[in-house]
Structure formats: structure tokens, C-alpha cells
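Please look through the sequence and the 3D structure below before reading on.

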Amino acid sequence: MNVLLSIKPEFIDLIVSGEKQYEFRKTIFKRKDVSTIIVYATTPVSRVVGEFEVDYILCKDVNSLWEETKSFAGVDEDFFFNYFNNKEKGYAIKIKNYNQYPEHKMLTEIYQSPPPQSFAYIY
């Protein structure tokens, strides 16, 4: 199963460089068979730009999540804790084998889906 995930372009750059090896989320998909994430770059790019395999997903209290992922979070501590403000737990998707597409595509060219607010299942 694939999931389409909206990610800000600056974070995609950090994924490509290897500085960001975890994608953080406040909520996560319910399906357990998600193996591939299709990456939609938000504005100003507004294109499908790549994909990666899900190595594993961590679900922990926010403090423990930071301690385990901070070396490859791609964000600083202030950003992390502001993002998870008022949340007891958070999720970190471990990125495996990121593949940047040579040509970025309009979402409507590939999927009949609007840009997801968080994520969308792709069948």
C-alpha cells in the first residue's frame, strides 16, 4: 500500500541530503501495510517529486521521540517541540531509500487526488 504525503520543499531538500532521516507526524495512517510514501512537495513546488520506503514507524511520547531521533531529525529542538505542542505522543517515519524523480509531475497527472492535508492512501 502506498500513501501520498505532503512535505514542505525545505524538508525534502534535507531528506535528499541525508540530514533528515525521519518524517514527523502528529497522526499516522491506520493501515499497517503501508510500505511506500509518495512525496508531494507543497507550495511553491506543488508537484510529486519522489518516494521512499517506510523502514519503520516510531510511536513514542514526544520527549522520548526527540531523544531517539534528534541526530537525524533534520530540524532543531525548538522546531520539533513547537510542532508537537500540546501532544503527548508523536510519530516518526524512518525514511529508507529515498528516490528523487528525475521529472516532477503535477498531482493530477498521476493521481486523481487533490493535495492531501496530511496524507492520502493511493490504490
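Contact, as used here, means that heavy atoms lie within 4.5 Å. This is a predicted model, in which local features need pLDDT of at least 70 and side-chain atom pairs count only at pLDDT 80 or more, while totals for chains, interfaces and linings use all residues. Residues are numbered from 1 along each chain as its sequence is written, and side-chain values use heavy atoms, with hydrogens and water left out.

**Nonpolar cores**

- A nonpolar core is a set of buried Ala, Val, Leu, Ile, Met, Phe, Trp, Tyr and Cys residues joined through side-chain atoms within 4.5 Å, where buried means under 20% relative accessible area (1.4 Å probe, protein chains only).
- The largest nonpolar core has 30 residues, and those that touch the most other members are I7, F24, I37, V39, F52, F80 and Y98.
- At least two residues of this core come from each of several elements, including strand 1 (2–7), helix 1 (9–17) and strand 5 (89–105); helices (H or I, at least four residues) and strands (E, at least two) are DSSP runs, numbered from the N terminus.
- Strand 5 gives the largest share of this core, 5 residues.
- Not counting residues up to four places away in sequence, V39 touches L5, I7, I12, R47, V48, V49, G50, E51, F52 and Y98.
- Another core, of 9 residues, lies apart from the largest one, and L4, Y40, Y101 and I122 are among its members.

- F24 lies in strand 2 and counts as buried, because its relative accessibility is 7%.
- Although F24 and I93 are 69 residues apart in sequence, they are 6.4 Å apart in space, C-alpha to C-alpha.
- R25 also lies in strand 2, and R25 is buried because its relative accessible area is 7%.
- The side chains of R25 and E23 are joined by a polar contact of 2.8 Å, a polar contact being a pair of N or O atoms within 3.5 Å of which, within protein, one must be able to donate a hydrogen and the other to accept it, and residues adjacent in sequence count only if both atoms are side-chain atoms.

**The largest pocket**

- On a 1 Å grid over the protein atoms alone, a pocket is an open set of points with protein on both sides within 12 Å along at least five of seven lines, and lining residues have an atom within 4 Å of a point.
- The largest pocket is lined by 17 residues, of which F11, E23, F24, R25 and Y83 lie nearest its centre.
- Strand 1, strand 2 and helix 3 (77–83) each supply at least two residues of this lining.

Technical notes. Buried means under 20% relative accessible area, exposed over 50%, partly exposed in between (1.4 Å probe, protein chains only). On a 1 Å grid over the protein atoms alone, a cavity is a set of points where a 1.4 Å probe fits but cannot get out, and a pocket is an open set with protein on both sides within 12 Å along at least five of seven lines; lining residues have an atom within 4 Å of a point.
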